[in-house]
Amino acid sequence: MNHNISVVLLGAGNSKRFESNKIKQNILINKKSVLDYSRLFFKKYFSKSNIFIVVNKNVVLDKLKSNEKIIYGSSSRLKSLNAALENIFQNNFQTKYTLIHDVARPILNIDDVKRLVKSMDSGIDASTLGYPLTNALKEVKKNKICSNLFRSNLWSTFTPQIFKTNKLYQSIVKVINDGYDIDDDIEALMINNFKCSIVRSSPDNIKITYLEDIEVIKRLL
């Protein structure tokens, strides 16, 4: 894959909603950890890229490869990403593009990633995988339905996401300085009025959030 892409794997979370005595990054699925599914994927397809693995001190990592670098994250996703970007710029590792992926999404499809990377050829500043919302949407408070939400033109967005590195860094610094709370990194660029696009993903790009998600992932891997 393109040597002008750096990869940031985000895995510093403490799995607060994952009710287990192990954090989800360390959970084994078919004898491989959740984290290693992403590591092995990017090792295979991004062998020419620097891969920055952002973790906390409870995450178990095998010996790092020559192109892998470990960065210890912070108290939030936003601050963890900023720590990675600061490391990249301070050590002059920056490339034209940066691809970000949450390690809690172990099912990666290379065709999706290729189309995501290709989408940057149109001159945009960032692109995300996503999927159109198909279920009925309700606003719920304390288990009571308050209203129906119109789902036409609504998509869910998720990683991998790819960015022009300088625009990503500029946006992350600004939202932190301005005190914004964002749902994903694409939002940071949208707040700063950069051009973003979306690429339809395979439907099996599932995030592990709850313990029961592991059984679903096992059936798909």
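Seven bridges join strand 7 (residues 126-132) to strand 10, and the two run antiparallel; strands here are DSSP runs of E with at least two residues, helices are DSSP runs of H or I with at least four, and both are numbered from the N terminus, while two strands pair if DSSP finds at least two bridges between them. The model is a predicted one, in which local features need pLDDT of at least 70 and side-chain atom pairs count only at pLDDT 80 or more, whereas totals for chains, interfaces and linings use all residues. Residues are numbered from 1 along each chain as its sequence is written, and side-chain values use heavy atoms, with hydrogens and water left out.

- Strand 10 covers residues 155-164, and seven of its 10 residues are buried, where buried means under 20% relative accessible area, exposed over 50% and partly exposed in between (1.4 Å probe, protein chains only).
- Proline 160 has its place in strand 10, and the peptide bond that joins threonine 159 to proline 160 is cis, with omega about 5°.

- Leaving aside neighbours within four places in sequence, leucine 99 is in contact (heavy atoms within 4.5 Å) with residues including Val7, Phe42, Val113, Pro160 and Ile162.

**Cavity and pocket**

- On a 1 Å grid over the protein atoms alone, a cavity is a set of points where a 1.4 Å probe fits but cannot get out, a pocket is an open set with protein on both sides within 12 Å along at least five of seven lines, and lining residues have an atom within 4 Å of a point.
- Grid points are joined across faces, edges and corners, and a volume is the space filled by probe spheres set on the points.
- One cavity of 30 Å³ or more is found in the whole structure; the largest cavity has a volume of about 40 Å³, and its lining includes Val113, Leu129 and Pro160.
- The largest pocket holds about 1300 Å³ of space, and of the 43 residues that line it, the closest to its centre are Arg17, Lys24, Arg77, Asp102 and Lys207.
- Strand 10 gives the most to the lining of the largest pocket, with five residues.

**Helix 6 and local features**

- The buried residues of helix 6 (residues 213-220) are Asp213, Ile214 and Ile217; seen down the axis, they fall within an arc of 100°, so they line one face of the helix, the arc being that of the directions from the helix axis to the C-beta atoms.
- Lysine 31, in the loop between strand 2 and strand 3, has a positive phi of about 70° although it is not a glycine, and counts as exposed at 81% relative accessibility.
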